[in-house]
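Visitor: I am new to this structure. Please show me how to read it, one feature at a time.

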Amino acid sequence: MTPLAGYLLVAALLFAIGLAGALTRRNAILVLIGIELMLNAANLNLVAFWRYGPHPELLTGMMFAIFSIAVAAAEAAVGLGLVIAIYRHVRTTDLDEINRMKG
Amino acid sequence: MQEAIPFTPSSVASWIGQILWLIPALPIVAAGFIALLKQPSRKLASSLAIGSLFVSLLLALTAFGDVLAGWVTGHAVRETVNFAWMHIGATTFDLGWVLDPLSAVMLVMVTFVGLLIFIYSVGYMAHDENYTRFFCFLALFAGAMLGVVIANSILLLFMCWEIVGLTSYLLIGFWYQKPSAAAAAKKAFLTTRVGDIFFLLGIVWLFAQTGTLLFYNQGNGSMEPGALAGMLAAHAGLGLSAATAIGLLIFAGAAGKSGQLPLHVWLPDAMEGPTPVSALIHAATMVAAGVYLIARVYPLMSAGLQPSGTTVALSVVTWVGAATAVFAALIAVAQNDIKRILAYSTVSQLGYMMAGLGLGGVAVGMFHLITHAFFKALLFMGAGSVIHGCHEEQDIRHMGGLRKSMRWTFLTYAAGMLALAGFIPFAGFWSKDAILESAHSWHPSKAPFYLLVFGALLTAFYMTRQVSYVFFGEYRGHGHPHESPRVMTTPLAILAFFAVLLGLVGTPAWPWFRSFLTGRPSHFEWAGFAEPGIFTLMLTSTAVVVVGLLLGWWLYGNKSPRADEPDALERVMPPVWRALSNRLYVDEFYGATFIAFYHWWARVADWLDRRVWGGIVAAVTWLFGQLARFNRFFDENWVNGGFDKGCEELSVGGGLLARVQSGRVQTYLRLLALAVVVLAAILIWSSRG
Amino acid sequence: MNVVFWILAVITVFGGLTAVTLKNTVHCALALTVAFAGLALLFLQLDAQFAGFAQILVYIGAVAILVVFAILLTRGSETPSEGVFSHTWFSGLLIAAAVFAVLAWAVLNSTAALPHVSSAPTVSVQQIGSALMGRYVLPLEIVALLLTAAMLGAVMVALHEKGEQK
């Protein structure tokens, strides 16, 4: 197992854990936490490939990861704001009960 | 006497020959116009009919003049105008008309007598409410009859023949509300139809044998020597040649139309029609059409004639004619209806004409036809005048003494009666004498001669009886008889004139008529009377007629038997009288045999129709009903049910699918992730492979 | 594969696991922070120093705090009566496992094809700066725009509406 493969496996595991959380927890905020984990796992993938791939002097992977971090932060802000706004209306963050989109 | 007609091949038609078609066309067009008129336009209707026939008369006279001019200068005229009517495959049906002495004399006779009767009808039918319809039918009849006369194509002749039969039906049944009139019309049509079937067979055979429908066609016609020789040579079974067989078939048609035995039964019943109809159609013209037809196809009937013999066809014609002459004369003796006596007399005279054709040829038969037309029309119109004057009375036992109250009618009627009886020098004498002369010199047998002489005796007898009953003695009817208006008596006078004098064109001393028809020159010479046998014959026939007249006068004379008293002859020979007054039971015979068979056949056909064919139809219907029921069951339960089930499943499936849209975010996320897994797996697996 | 990597890997994974399984939401947020930290150290291990420090600054310094604030504002710290996992948690777990299986299978089967360069790259901040201003100037500007829009959007979404109770 090459080092790259190790990093990739770790990233895959983290991704799957984040996905499991996003799919199974009832609290909306925990879904967002799962999404953050998935994004971080992707970042790890990018940086690992940058490190062990050809032409690391081009900085492609790292720049991608930095931009991803910035975007993820913005997305987290907006998402949490949405959760708060929904909470104000329905007084709950339980996703099983929010099914206004049904049908 | 046998005749060969020495005509030169047909020349190109003169101007009158070209427009000859107008002669029948004008009355037919007039009939068409009258058919469109309303009933109240009586004057217009009769004017159209009379006017068109008058123009036809003028044209006919012109045509006659043309032929006469040709005869005078020694050229035998036979002009034909032929044209092709229909092409079917390689066969052509031709139509055409012919102008020769035969058609010329017939044209003049038909148009002249017809015109007189039209004028007479104006007076006779003046009180009838269907006046317009009467003139429409009369004009149509006149046109069709003239078509028969000028036809050069046997097909055209047959078509006009059928129209003549139709108009006869329409006119006999003119007062259709009377059941007897409607029945008489039907009887006339059906009886002549029997003859017409044979006629049609003859036409088809003729066309098949000779390949042409035209009589005269520059040497290619069916009455010209080439075709005749071919027909004579062809065999038709039973030892007859095709010419004989075709001739007999055509004679059957003529027998129906001209009331020969055994198809004579319709003529007496045809007296149900108005008297002008009886005069025109059933005396002068339509019944003469049969005789004219035989005269027209005489070359065929006489094909292969030897100088001192006769052909099979001609002898059949002769025997039938002679038998009819005597048969009908016998029945006429015992009738009490004024028109019925004349009807049977017509049948008898038609027998004479046919016998004349068979015994002596075209000229002999046609001469009697022409003279008969005039005096028979005169007699019928006179009878109509009597009926009109006695207020629609037709039984002679209720008339009498009319010679004082109806002078003109009596005088003209007497002239006609003498002409019919054959009293010298009236027209009937000369024409009947010509027939008797031919019969006397007929080689195969003398029997027709004796029959015809006996018939002459009977003719004189029954006419005397009729005249005594009607005009002599005392009046035994109701009401006051009065003379008819001038519009009715003038035609009577004109016809009487011809009845007296017309015979003079055919005397042995000056046989103009025969010469005209055969194209030979003729001169007037008293020596004609001196030919062997002629004078003796004239004496014999005169004696016979006188005997008949005296016999009649002796029995009936000035006596006026009432209706309930038996007739004088009845007192003498009751069984004979009974048989004769029952018309020798011919109608009863037909009723028991043919008509009974026909009714039985109709019942069989009805049973077949209702049970067998109807049963089949019902079975098919039932089958279809069952099919329809099964179809409905199938449709309602399986098709509909299947469809409904399918829709239900679809609904359920849709319901299942709708559960995907739970409205919960996590469900959507799960589906997304699942899709990604599947996609990734596919991609990896495909890149590996 | 050195030991440091394995230790860091264990920490990160452990953090992530606890982040999604604990009942108390605040504990989950803290565990998330641990996971972030582990990841930052992994970045450092990969010679991506700038990315690692950026991870610490942004994620731990901002996102994690944000999450805590959101939990506080929505009373997420209270444990719900029916349990923290949804009724159909098993299908979700199954799908996640399937995803991991596919990814691991892809990685393990393509080990031979993976690139393998062992020499460590030397990356200076100056290089990163000039790359940002040079090659990646467009993404930079767009990200700036995006951040502005996100900020405005978050403010607007979370703003109290007029007349609504607090």
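This is a predicted model: local features need pLDDT of at least 70, side-chain atom pairs count only at pLDDT 80 or more; totals for chains, interfaces and linings use all residues.

Visitor: Let us begin with strands. How many bridges join β1 to β2 in chain B?

Guide: Nine bridges join them. Strand β1 of chain B covers residues 79-88, and strand β2 of chain B covers residues 91-99. The two run antiparallel.

Visitor: Which residue stands opposite V81(B)?

Guide: Look in β2(B): W97(B) stands opposite V81(B). There is a general idea to keep in mind here. In a regular strand, side chains alternate between the two faces of the sheet.

Visitor: What do β1(B) and β2(B) form?

Guide: They form a hairpin, with two residues between the strands. In the turn, G89(B) has a positive phi of about 65°.

Visitor: Now the cores. How many residues has the largest nonpolar core?

Guide: That core has 220 residues. The residues with the most contacts inside it are I294(B), A377(B) and A499(B). Helix α16 of chain B, residues 362-389, gives the most to this core, with 17 residues.

Visitor: Which residues are in contact with I294(B), leaving aside its neighbours within four places in sequence?

Guide: With those neighbours left aside, I294(B) is in contact with F251(B), A254(B), M301(B), V317(B), M354(B) and L357(B). There is also a second, separate core of 77 residues. It includes A12(A), L14(A), I29(A) and Y59(C).

Visitor: Next, chain contacts. How many residues does the contact take from chain A and from chain C?

Guide: It takes 64 residues from chain A and 71 residues from chain C. On the side of chain A that touches chain C, the elements giving two or more residues are α1 (3-24), α2 (28-52) and α3 (60-90) of chain A. The largest share of that side, 20 residues, comes from α3(A). That side divides into 46 nonpolar, 11 polar and seven charged residues.

Visitor: And what of chains C and B?

Guide: Their contact takes eight residues from chain C and nine residues from chain B. The side of chain C that touches chain B has five nonpolar, three polar and no charged residues.

Visitor: Is P115(C) buried or exposed, and why?

Guide: Count the C-beta atoms around the residue. P115(C) is exposed because 10 other C-beta atoms lie within 10 Å. Leaving aside neighbours within four places in sequence, P115(C) is in contact with Y52(A), G53(A) and P54(A).

Notes
Residues are numbered from 1 along each chain as its sequence is written. Chains are lettered from A and ligands numbered from 1 in the order in which they are written. Two strands pair if DSSP finds at least two bridges between them. Helices (H or I, at least four residues) and strands (E, at least two) are DSSP runs, numbered from the N terminus. A residue is buried if 20 or more other C-beta atoms lie within 10 Å of its own, exposed if 12 or fewer, and partly exposed in between; C-beta atoms are placed from the backbone. Two residues are in contact if their C-beta atoms, placed from the backbone, lie within 7 Å. Ala, Val, Leu, Ile, Met, Phe, Trp, Tyr, Cys and Pro count as nonpolar, Asp, Glu, Lys and Arg as charged, and the others, Gly among them, as polar. A nonpolar core is a set of buried Ala, Val, Leu, Ile, Met, Phe, Trp, Tyr and Cys residues joined through C-beta atoms within 7 Å.
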